[in-house]
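This briefing covers the sheet, the domains, the nonpolar cores and selected backbone details of one structure. Please read it beside the sequence and the coordinates.

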Amino acid sequence: MTTTMEPRRAATGTPAPAAGTQRTWRIAPTKAEIDPIGHARRLRTQKILLGVSLPVVLIVLWQIAAQLQWIDRRFFPGPIEIAQAAVDMVASGQWFGDVLATLRTILIATAAGFVVGSLLGIVMGSLSKLRYVAEPTLSAFYTIPKIALLPLMLLIFGIGDMPGYLLVALGVFFIAWISALEAVLAVPVGYREAAEAFGVSRLRRFGHVTIPAVLPAIIVALRISIGQAVLIVIMVEYLMGKEGIGYRIWHAWSLFDADTMYVGIVTVALLGYVLQLLVKVVGAKLVPWSGGTSAAEK
Amino acid sequence: MFGNTQEPSGPTAPRISISGLGKIYGARGKQVEALREVDLDIADNEFVCLVGPSGCGKSTLLRIIADLQRPSSGEVAVLTESSARRPAAVVFQDYSIYPWKTVAQNVAFGLLSTDVPKREVKDRVALWLDKLGLAAFADSYPAALSGGMRQRVAIARAMVVESEILLMDEPFAALDAQLRRILQEELLSLWQDMRRTVLFITHNLDEAILLGDRVVVMSGRPGHIIADYTVPFGRPRSADIRGSAEFASLEEELWLRLRGEVFPGDAAESKEKAA
């Protein structure tokens, strides 16, 4: 079906044959193409196994180190002792109380700080005058360590839940604000002009163009915010809590109760992981068009 | 498999031999069959143009030959004498040149994973910048260039490799009609000066006849080859052949062959781009 042409030798330019050897490169289906469904399944299994194997290896190494007395077990108990302590704490209800207290602060304060921060960021990104007025001041406040404001908060609100909520909300606020602001400024001009050209009002443009355009960046910001919220809430609980995971860690430390302390630390790590996973899953549902980003990766 | 098996091949063995090639996208749920039973031989130093409706799998075929994707069935056998990592250089439709590299650095990138010595890299980059009229822009960043200039950079990057095979995926599609004609004529004389095996994908029938030794027509999705025309103009040829009656009648014939295929492929276009 094809016309076989006389092979022409090039006068110049073609690469010199490597010692005149001729090879054939064969491009053929690999296992992945021959059995695509099985391949996809293997990839998923592999992903889970790989993700689980590192923590398992670390825990096993830790247990071996404790068992063989490489580390001082009074300060560094092995995973099995910590697990036993965790079972006791869960059974007594103390663990749930602590998790609930910490989780409540994280969720309420993050929600508040994040919503206010991203809305302000979007509005400031859209209104240049407002941006000129408020950006320098907010940028200056951003760099103040939030925990340094705790004495001030205590002075204003007294000892209670409010200072904790406010500090977490503040920390999250700035992350959301900066991310949303930058994301709005990075929206391609063409998107805005298309909306303008079709006479879409500024208000409707928010819903149809601006917010969807910045949503992927906002979801990344939420993941960072969760981490920041956990960090701040634990610090606040160290300093002034009566309950919560941070309080439990600090309290256990002052009683030389290493097992309980480690249960607290592991609980924080798990809490952070679960919350981030939640954001990832919800994020993937919110931005189905944003393929390839970490937020959309299932 | 991407084997390097030595094989006794006669001098008339095709440079690229495609047999029974099929490609299906998607593992479960919605499956899209992009290519079905594609057979095509491309001889050494032959310039083959591939035309077909949007979304018919032309780009998929090229990407498989470039080993950017694997087929679902069938095989491509590429004959190579060089020691280069890959026997083919590729010019992409969207240029794919790097905004953080200068023009000269972008062109030199083509030689990054070859064993060409540094000294020679410089000379070869200079040579190809000169040939494509880019010498004055060697130190400019792509952002400072027009679309036509950027596409020249992408062509220079592929040419500088001086590989046995050149794969071009609608390289002029984003250019305006005038610039397109100029680059077509430049490519024509460039290729006639230093021949190599070319697979050139285009929507433009006029372009295909002007440049190609053969014009191969693909059907709508799933793409397979429905016609294979030998272009009746010898080499070297010039753009003047456009005025001839033969040229017009071949173009008309190609269009008649293609017209029936264009419609069903239309809706699928965006999907192929995404895949």
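Five of the five residues of β3(B) are buried, so this strand is largely enclosed by the rest of the structure. A residue is termed buried if 20 or more other C-beta atoms lie within 10 Å of its own, exposed if 12 or fewer, and partly exposed in between, with C-beta atoms placed from the backbone. The model is a predicted one, in which local features need pLDDT of at least 70 and side-chain atom pairs count only at pLDDT 80 or more, whereas totals for chains, interfaces and linings use all residues. Residues are numbered from 1 along each chain as its sequence is written, and chains are lettered from A and ligands numbered from 1 in the order in which they are written.

**Strand β3 and its sheet**

- Strands (E, at least two residues) and helices (H or I, at least four) are DSSP runs, numbered from the N terminus.
- Both faces of β3(B) are covered: Phe47(B), Cys49(B) and Val51(B) are buried on one side, and Val48(B) and Leu50(B) on the other.
- In a regular strand, side chains alternate between the two faces of the sheet.
- β3(B) runs parallel to β7(B), to which four bridges join it; in β7(B), Leu199(B) is the bridge partner of Val48(B).
- Four bridges also join β3(B) to β8(B), again in parallel, and there Val48(B) stands opposite Arg214(B).
- These strands belong to an open sheet of six with mixed pairing, in the order β5-β6-β7-β3-β8-β9 of chain B; two strands pair if DSSP finds at least two bridges between them.
- At the edges are β5 (88-91) and β9 (225-230) of chain B, each pairing on one side only.
- Neighbouring strands of this sheet are turned by 15° against each other on average, direction ignored.
- β5(B) and β6(B) run parallel and are joined by four bridges, with Ala88(B) opposite Ile165(B) of β6(B).
- Helix α1 (residues 58-65) of chain B packs on the sheet, touching β3 (47-51), β5, β6, β7 (197-201) and β8 (214-218) of chain B, and its direction makes about 150° with that of β7(B).
- Axes are lines fitted to C-alpha atoms, for helices over the stretch in contact, and angles run from 0 to 180 degrees between N-to-C directions.

**Domains of chain B**

- An automatic or database assignment supplies the domain bounds: domain 1 of chain B is 16-81 + 164-274 and domain 2 is 97-163.
- The centres of domain 1 and domain 2 of chain B, taken over C-alpha atoms, are 25 Å apart.
- Ten residues from domain 1 of chain B and seven from domain 2 of chain B take part in the contact; two residues are in contact if their C-beta atoms, placed from the backbone, lie within 7 Å.
- On the domain 1 side of this contact, β6 (165-169) and α5 (177-193) of chain B each supply at least two residues, and α5(B) gives the most, with three.

**Nonpolar cores**

- A nonpolar core is a set of buried Ala, Val, Leu, Ile, Met, Phe, Trp, Tyr and Cys residues joined through C-beta atoms within 7 Å.
- The largest has 76 residues, of which Ile65(B), Val107(B), Ala156(B), Leu167(B) and Phe200(B) touch the most other members.
- Helix α4 (residues 147-159) of chain B gives the most to this core, with six residues.
- Domain 1 and domain 2 of chain B both give residues to this core, so it lies between them.
- Beyond residues up to four places away in sequence, Val107(B) touches Val125(B), Trp128(B), Leu129(B), Val153(B), Ala156(B), Arg157(B) and Val160(B).
- A second, separate core of 47 residues includes Met89(A), Phe174(A), Ala176(A) and Val184(A).

**Backbone details in chain B**

- The peptide bond between Arg221(B) and Pro222(B) is cis, with omega about -5°; Pro222(B) is in the loop between β8 and β9 of chain B.
- A cis peptide bond also runs from Arg235(B) to Pro236(B), with omega near -10°, and Pro236(B) lies in the loop between β9 and α7 (245-265) of chain B.
- Glu37(B), in strand β2 (residues 32-42) of chain B, has a positive phi near 50° although it is not glycine; it counts as partly exposed because it has 14 C-beta neighbours inside 10 Å.
- Phi of Glu162(B) is likewise positive, near 50°; Glu162(B) lies in the loop between α4 and β6 of chain B and, with 25 C-beta neighbours inside 10 Å, counts as buried.
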